[in-house]
Amino acid sequence: PRKEELISRLKNGKKFLRNQAPDKAQLEFKAALDLAQNLKEPLREKKAARGLGASLQRQGNYREAIKYHSLVLELSARHGEDSGSTEAYGAIADCYTELGDLEQAAKYYDQYIARLETD
Amino acid sequence: PRKEELISRLKNGKKFLRNQAPDKAQLEFKAALDLAQNLKEPLREKKAARGLGASLQRQGNYREAIKYHSLVLELSARHGEDSGSTEAYGAIADCYTELGDLEQAAKYYDQYIARLETD
Amino acid sequence: LETVPTIKKLRAYAERIRVAELDKCMSKMGDDISKKTKKAVDDLSRGIVNKLLHGPMQHLRCDGSDSRTLSETLENMHALNRMFSLET
Amino acid sequence: LETVPTIKKLRAYAERIRVAELDKCMSKMGDDISKKTKKAVDDLSRGIVNKLLHGPMQHLRCDGSDSRTLSETLENMHALNRMFSLET
């Protein structure tokens, strides 16, 4: 049942994000992240982290968003599973651009660009 | 049975085109075109015309290729069914570019570009 | 008219990418897909490419009625040639 | 570093197109598609966009070690801003 809750939280989060309700999405993804960590589901943990990052970013909370996008990269490294990394580098760079830190943004964009040609 | 032959000719033509055998593809698509015209199958007629145009183009026979790409446009107009038109305008323009007729190429590219944003 | 060959090369460049990615996608999906799904996926690949190309293509075809437009169009062409390595 | 905002805007521009076309594709395919198919189609859309963006993005990030590279990079930026209407 907790696994089903996890799946439904992720689904709801996605729906709220699409429907321009990032604040509601944030709550769903946060709950999903906690569940995924408890249940040791690294792939769903990554999805929750990405969703949480996107939700915070949409609300203009760029510092917090960077944290969760970075968690995506960390999970990729830890589990040797690279999906979502390109997008995470791009998203972190977007956040730094919004914060006016173009130096840091450029660093992350370079990582992003280097990955555009791979799959 | 003639309908099945039509379908298999189209399939073979496509396969030959993918496998860099445009001369063989040309024969299949020509046979398919005749069949489709006899069976009054306008959508398959269009596919055959497009394949024939592409086969001739790959062999450097740009004048003949233009004929069949133009047939695609004619069929679209006749049946009020626009699929493949954007690509046909682009392909005709590519052929005129190869022939060194940049004036004509530009005319067809303009039609192509105007359609890029539609579906 | 000088930009016409660039239009052709950019189209070919994008088409190579489209076909390669479409092939990868089809092989991942296997043979158990309906004609409708196949058509939808093909349309998706064309839709993305065409809509992304629309801006650059349009800016290669300014009519050159005043000199500023013409020089800008040529600058666009040079930039596209560089960015997509179209001159080799 | 002047080109950084252009990278962000170009990414956003392409992402809007990707999502819109993907939505159209998904609604055409209906609900009867497998998770595997969905993933393959999502990968397709990202693959096409990423590979098409690679050239322009790379040419927005020359390190500017010599002046020719820097001025070319800025020309690329101006051309992209024009072609994708990124400045509005």
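A salt bridge is defined here as a side-chain nitrogen of Lys or Arg within 4 Å of a carboxyl oxygen of Asp or Glu. The model is predicted, so local features need pLDDT of at least 70 and side-chain atom pairs count only at pLDDT 80 or more, while totals for chains, interfaces and linings use all residues. Residues are numbered from 1 along each chain as its sequence is written, chains are lettered from A and ligands numbered from 1 in the order in which they are written, and side-chain values use heavy atoms, with hydrogens and water left out.

**Stop 1: a network in chain C**

Select Glu15(C), Arg18(C), Asp42(C) and Arg46(C); salt bridges link these residues in a network. Over all chains, the count of salt bridges is 44.

**Stop 2: chains A and B**

Move to chain A and select Glu41(A) with Arg44(A), whose side chains form a salt bridge at 2.9 Å, N to O. Are these two residues buried or exposed? Both Glu41(A) and Arg44(A) are buried, where buried means under 20% relative accessible area, exposed over 50%, and partly exposed in between (1.4 Å probe, protein chains only).

In chain B, select Lys3(B) and Glu41(B), a salt bridge with an N to O distance of 3.8 Å. Lys3(B) belongs to helix H1 (residues 2-18) of chain B, and Glu41(B) to the loop between helix H2 (22-38) and helix H3 (42-58), so the pair ties together parts that are 38 residues apart in sequence. Helices are DSSP runs (H or I, at least four residues), numbered from the N terminus. Lys3(B) is partly exposed at 44% relative accessible area, whereas Glu41(B), at 17%, is buried.

**Stop 3: from chain D to chain C**

Next select Asp43(D) and Lys28(C), which form a salt bridge with the closest N and O atoms 3.1 Å apart. Asp43(D) lies in helix H2 (residues 35-58) of chain D and Lys28(C) in helix H1 (residues 4-29) of chain C, so this pair joins two chains. Asp43(D) is partly exposed, at 24% relative accessible area; Lys28(C) is also partly exposed, at 39%. Now select Lys28(D) and Asp43(C): here too a salt bridge is present, with 3.1 Å between the closest N and O atoms.

**Stop 4: the interface of chains D and C**

Display both chains together. In contact (heavy atoms within 4.5 Å) are 33 residues of chain D and 33 residues of chain C. About 3200 Å² is buried between the two chains, 70% of it on carbon and sulfur atoms; buried area is the accessible area (1.4 Å probe) that two parts lose on being put together, summed over both.

On the side of chain D that touches chain C, the elements giving two or more residues are helix H1 (4-29), H2 and helix H3 (67-83) of chain D. The largest share, 14 residues, comes from H2(D).

**Stop 5: the two copies**

Finally, superpose chain D on chain C, which takes a rotation of 180 degrees with 0.0 Å of shift along its axis (RMSD 0.0 Å). The superposition is by least squares on the C-alpha atoms of residues with pLDDT of at least 70 in both copies. The copies are thus related as by a two-fold rotation axis. The same surface serves both, as 100% of the contact residues of chain D recur in chain C.
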